Amino acid sequence: MNSGSQEMRTRRQHPVTQNSPSLAISCTAKLPQDVQISPITGDDERGDFNSNNDSSASGLLKTLHISTRLMDDFLALSKSNTEKDLETCGILGAHLEKETFYVTTLVIPKQESTSNSCQAINEEEVYAIHSERSLCPVGWIHTHPSQSCFMSSIDLHTHYPYQVMVPEAFAIVVAPTDASRSFGIFRLSDPGGMKILRECQEDGFHPHKGPEDGSPIYELCSNVYQNSNLRFEIIDLRS
């Protein structure tokens with residue numbers, strides 16, 4: 001394990017609080033009356049994925065809450081890479097409380113990037129942070145600096161092990177230059193998409209055949225909600 005020292009980690013706290021979030025503060029504290037919790041709906045009618053918010057396993061999945069600031073804050077810390085047409089990725093950690101996942105930590109790992117790919121390195125550092133804080137890896141987020149908002153074949157293969165570990169796991173794509181959809185929150189369809197990825201042995205960019213039942217390989221999530229009261233911490237390990 002090539003973990004960096006604690007001193008090497010650059011920690012960025014969400015602007016709403018001066019302190020590191022309590023491990024339970026977003027999960028057990030009573031929400032104020034003015035808190036806004038809203039579902040994330042699709043605004044796109046393209047046919048390359050299921051955009052009707054009727055997930056293949058929506059009735060079986062736990063609910064997930066993310067901060068309303070998550071995408072904007074991630075885009076801000078990705079700005080330098082985006083201007084160079086380089087992707088940026090981050091890993092999302094959550095606490096489970098009363099059958100709901102609350103995403104409280106965004107870890108930006110050391111990474112190698114190109115204009116259409118991003119590979120995390122020294123992932124043991126991320127695992128150590130999740131272990132220390134009893135976090136569950138519920139997904140990841142990455143930019144498409146000059147591409148549209150979709151899941152590439154490499155993205156699908158990157159996401160597959162997340163969803164194997166946690167059926168609720170999701171992938172956020174932030175595409176600042178896509179006028180029709182600036183971000184999307186996706187998951188592999190189940191069982192169709194999961195079966196295709198489980199059986200696929202190819203590397204790099206490549207086409208996938210569709211599931212036998214005619215469903216898309218991936219779809220928009222219908223169980224992810226934006227929570228205006230949810231605090232989260234950003235831990236940037238790139239420095």
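Which residue in β9 stands opposite I141? The residue is I172. The model is predicted, so that local features need pLDDT of at least 70 and side-chain atom pairs count only at pLDDT 80 or more, while totals for chains, interfaces and linings use all residues. Residues are numbered from 1 along each chain as its sequence is written, and side-chain values use heavy atoms, with hydrogens and water left out.

The chain has six helices and 13 strands, taken as DSSP runs numbered from the N terminus (helices H or I, at least four residues; strands E, at least two). Of its 239 residues, 48% are buried, that is, under 20% relative accessible area with a 1.4 Å probe and protein chains only.

Strand β9 spans residues 170–174, and five of its five residues are buried. Burial extends to both faces, with F170, I172 and V174 on one side and A171 and V173 on the other. This strand pairs with β8 in the parallel sense over five bridges; pairing requires that DSSP find at least two bridges between the strands.

One of the residues in contact with F170 is L64, which lies in strand β3 (residues 63–67). L64 is buried, with a relative accessible area of 0%.

The largest pocket has a volume of about 570 Å³. A pocket is an open set of points on a 1 Å grid over the protein atoms alone, where a 1.4 Å probe fits, with protein on both sides within 12 Å along at least five of seven lines; lining residues have an atom within 4 Å of a point. Grid points are joined across faces, edges and corners, and the volume is the space filled by probe spheres set on them. Of the 27 lining residues, Q119, A120, E123, T158 and Y162 lie nearest the centre. Elements giving two or more residues to this lining include β8 (136–143) and α4 (124–133), while α5 gives the most, with seven.

Within α4, the buried residues are E125, V126, A128, I129, H130 and R133. Just after this helix, S134 takes a positive phi of about 55°.

Terms used. Buried < 20%, exposed > 50% of the residue type's maximum accessible area, 1.4 Å probe, protein only. Contact = heavy atoms within 4.5 Å. Lists of a residue's contacts leave out its neighbours within four places in sequence.
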